[in-house]
Amino acid sequence: MKPDTLPSTSVLRSFEAAAKHQSYTAAAEELQVTQGAISRQIRELETLLAVTLFRREGRGIALTDAGRSLADRLAPDLERLRHSMTLARAAGQGGKTLSIAVLPTFATRWLVPRLPSFQKQYPDVQLTFFSRAEPFDLAAEGVDLAIQFGREEWGGITLTELCPEDLAVVAQPELVARLQIKAPKDLARLPRLHLLSRKSAWPQYFADLNVTRDDVLQGTLFDQFSTMIAAAIEGMGAAIVPSYLIETELQSGALEVLGRPKAQGQSYYVATRAGEVNLMAEAFKTWIRREARASFKLRNAPA
């Protein structure tokens, strides 16, 4: 047998199930085959690899060191294979797919409302979206393109700036009127809404205004922009949020801009796999950058 001979997917699935359950019986029940079939396929894999993958332990089995090492490596490989098959089925006869990882709030509040424009240009492309808040290995997870926020410090990929963060201090107009907020110094009278991952936002903004408050960190805490924005709309307080996420509320008047914090040098980026040419990913990147430029110009146009 050639050294690069690959086992069948049924053999690999049998090993995956047996490794997960540490039981041939449980693996057989999961795959709806006989225990004998699982045992035969494990022996086939051990013969191919010339290693022992399981050892007897009492009345059950346990992974050997070689078996555990294979299981750890095989699990992500099989997951990528399942992912590829899912995308292929979803693409149908057209065969064009694009998998995108994106920040959840950015996706729901900015990207998704614009997607019909992209689909109109590329009606045969099957899009698949994943929520990701932190940098990750695109190739390892089978993702073609990602939209992330921060500074340009993500290794192993190609980063293209999408747009600056463009922060705004916003509050419900009724709350602003009731508390008679008419100048920057008046902002200290507003209840403040804080994002847990950006606790320095309000202290930094007040420092830039030369406003001193011992209670600057008091207020309601949130772990997501989406819930903090909802709280601001309901009049719970003022929030510092990226204006990209509140375009609809600014246009409708549900939220009022009270100030513009200084830029912190952070932006949204489009990440693609380094050294890889993906025409569909490039098309999406070109489209989304055009949308971001138009969005920025509209929000910052003179009143």
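Start by selecting Phe284: this residue is buried, with a relative accessible area of 0% (buried means under 20%, exposed over 50% and partly exposed in between, with a 1.4 Å probe and protein chains only). You are looking at a predicted model, in which local features need pLDDT of at least 70, side-chain atom pairs count only at pLDDT 80 or more, and totals for chains, interfaces and linings use all residues. Residues are numbered from 1 along each chain as its sequence is written, and side-chain values use heavy atoms, with hydrogens and water left out.

**Stop 1: aromatic rings**

The structure holds 13 aromatic pairs (rings of Phe, Tyr and Trp, the last by its six-membered ring, with centres within 6.5 Å; planes under 30 degrees apart are stacked, over 60 edge-to-face, the rest tilted). Phe118 and Phe284 make one of them, an edge-to-face pair with 4.9 Å from centre to centre and 70 degrees between the planes. Colour the chain by element and you will see that this pair links distant parts of it: Phe118 belongs to helix H6 (residues 115-121) and Phe284 to helix H11 (residues 279-299), 166 residues apart. Helices (H or I, at least four residues) and strands (E, at least two) are DSSP runs, numbered from the N terminus.

Next, select Phe106, Trp110, Phe149, Tyr244 and Tyr268 together; they form one aromatic cluster. Then go to Arg132, whose charged end sits over the ring of Phe136, 5.2 Å from the ring centre (the cut-offs are NZ of Lys or CZ of Arg within 6 Å of the centre and within 35 degrees of the ring normal).

**Stop 2: the largest pocket**

Now show the surface. The largest pocket has a volume of about 820 Å³. On a 1 Å grid over the protein atoms alone, a pocket is an open set of points with protein on both sides within 12 Å along at least five of seven lines, a cavity is a set where a 1.4 Å probe fits but cannot get out, and lining residues have an atom within 4 Å of a point. Points are joined across faces, edges and corners, and a volume is the space filled by probe spheres set on them.

Of the 30 lining residues, pick Phe149, Leu195, Ser197, Arg198 and Phe225, the closest to the pocket centre. Helix H5 (104-111), strand S5 (145-150) and helix H8 (201-208) each give two or more residues to this lining, and H8 gives the most, with four.

**Stop 3: two cavities**

Which residues line the largest cavity? Select Leu193, His194, Leu195, Arg198, Ala201, Trp202, Phe225, Met228 and Ile240 to see them. The volume of this cavity is about 40 Å³, and strand S8 (193-195) gives the most to its lining.

For the second largest cavity, of about 30 Å³, select Asp144, Thr272, Arg273, Glu276, Asn278, Ala281 and Glu282. Strand S12 (267-273) and H11 each give two or more residues to that lining.

**Last stop: the whole chain**

Zoom out to eleven helices and twelve strands. The radius of gyration is 26 Å, well over the 19 Å that the globule rule gives for 303 residues, so the chain is more spread out than a compact globule (the radius is taken over C-alpha atoms, and the rule is 2.2 Å times the number of residues to the power 0.38). Along the principal axes, the C-alpha atoms fill a box of roughly 80 × 50 × 30 Å.
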